[in-house]
Structure formats: structure tokens, C-alpha cells
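Here are my notes on the charged side-chain pairs, and on one further residue, for you to read alongside the coordinates. Please take the points in order.

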Amino acid sequence: MKENLLLEQLNRYYSLWRESVKMYEDWSMEHGLSYTSIMILSSIFENEEHTTQKQISQKWLLPKQTVNTILKDFEQRKLIELYPSPSDKRNKLIRPTSAGEQYATGILAELRSLELYVLNHMGLEQVQRMNDDFTRFIELFYEGEKQK
């Protein structure tokens, strides 16, 4: 009986996970972008230092080709410029353009405002608990993998 209840909660977790991804995908589409584009946009414009395609791929666990395709679109739209890294000519650094800064600032500020609305209504304690519980889930998942 307990295992059935746990499996029911696991299925609820899967459903909530899919819904959260869908929620961000829908929001992004309403703003003319894919969710992946929003993730990449935030990596570029919320980073103090210039970033690379490889760093973005690693941060978001995205295929390099996906990141490359989106970066080429951003470059064609004059939102970013790509230039060789002084330390490693194989890597290109991504530099926002002024038009890109203006574009990204508006979209990312709107998204952060919505996210902060949610977090403020949840309250700090509930948000911390949510993050702590998810951290514990991840830790136990890895611990369980090692038990094999």
C-alpha cells in the first residue's frame, strides 16, 4: 500500500515537472521565442563576463548544435556578436549588442517579475522548503545510484 502511495506521488512529481516546463514554454512562445532561446538569452545577458557556446551548452545541458542554431538566429537579428576568444581561438565569445541588451532586458525583466510575483506569494519559507526538498531528492537519487 505504501509503495502505491509513493508511486502516486512520483507520478504527481512527473506531472508537475512537465507542467512547469510547459508553463515556461508557453510563456516563451507568447513572447516569440522558444523556452530554449529564453534560457540561452538569460545566459548571455545575465552573465557579467562574456560566455561561450560551450558554457551555455553545459549550463543548460543542451546539445551544442541547438545552442549554435539559436546563437546564429540571435546574430542575424543583431542581438549578439560572436568574436574569437583571445585565450582560445577555437571558442567564440558572445557579446551582446546594444539592440540585444534592450531586447533582452525587456523580456528577461518581464519573466523575472512574473517569477518574483510567484515567489513573493509563496513566501520565503515555502520557497526555501521547496528548494531544500528538491535538493534532498537529488542527493538521495545520486546516493541510490551508488547503492547499485
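1. Arg129 and Glu125 join their side chains in a salt bridge, with 3.8 Å from N to O, the term being used for a side-chain nitrogen of Lys or Arg within 4 Å of a carboxyl oxygen of Asp or Glu. Both residues belong to helix H6 (residues 124–146), where they stand four residues apart, about one turn of the helix; helices (H or I, at least four residues) and strands (E, at least two) are DSSP runs, numbered from the N terminus. Glu125 is exposed, at 61% relative accessible area, whereas Arg129 is partly exposed, at 42%; buried means under 20% relative accessible area, exposed over 50%, and partly exposed in between (1.4 Å probe, protein chains only).

2. On provenance, please bear in mind that this is a predicted model, in which local features need pLDDT of at least 70 and side-chain atom pairs count only at pLDDT 80 or more, while totals for chains, interfaces and linings use all residues. Residues are numbered from 1 along each chain as its sequence is written, and side-chain values use heavy atoms, with hydrogens and water left out.

3. Helix H6 also holds Glu139 and Arg136, three residues apart, about one turn of the helix, and their side chains form a salt bridge of 3.8 Å, N to O. Glu139 is partly exposed, with a relative accessible area of 43%, and Arg136 is partly exposed as well, with 44%.

4. In helix H5 (residues 98–122), Glu115 and Arg112 lie three residues apart, about one turn of the helix, and a salt bridge of 2.7 Å, N to O, connects their side chains. Here Glu115 is buried, because its relative accessible area is 19%, while Arg112, at 29%, counts as partly exposed. Which residues are linked with one another in a network of salt bridges? They are Glu46, Arg112 and Glu115, and the count of salt bridges by this rule comes to seven.

5. Thr51, placed in strand E1 (residues 51–52), is buried at 4% relative accessibility. Its side chain makes a polar contact with the side chain of Gln55 at 2.9 Å, a polar contact being a pair of N or O atoms within 3.5 Å, where within protein one must be able to donate a hydrogen and the other to accept it, and residues adjacent in sequence count only if both atoms are side-chain atoms. Setting aside neighbours within four places in sequence, Thr51 is in contact with Ser43, Ile44, Ile56, Lys92, Leu93 and Ile94, contact meaning heavy atoms within 4.5 Å.
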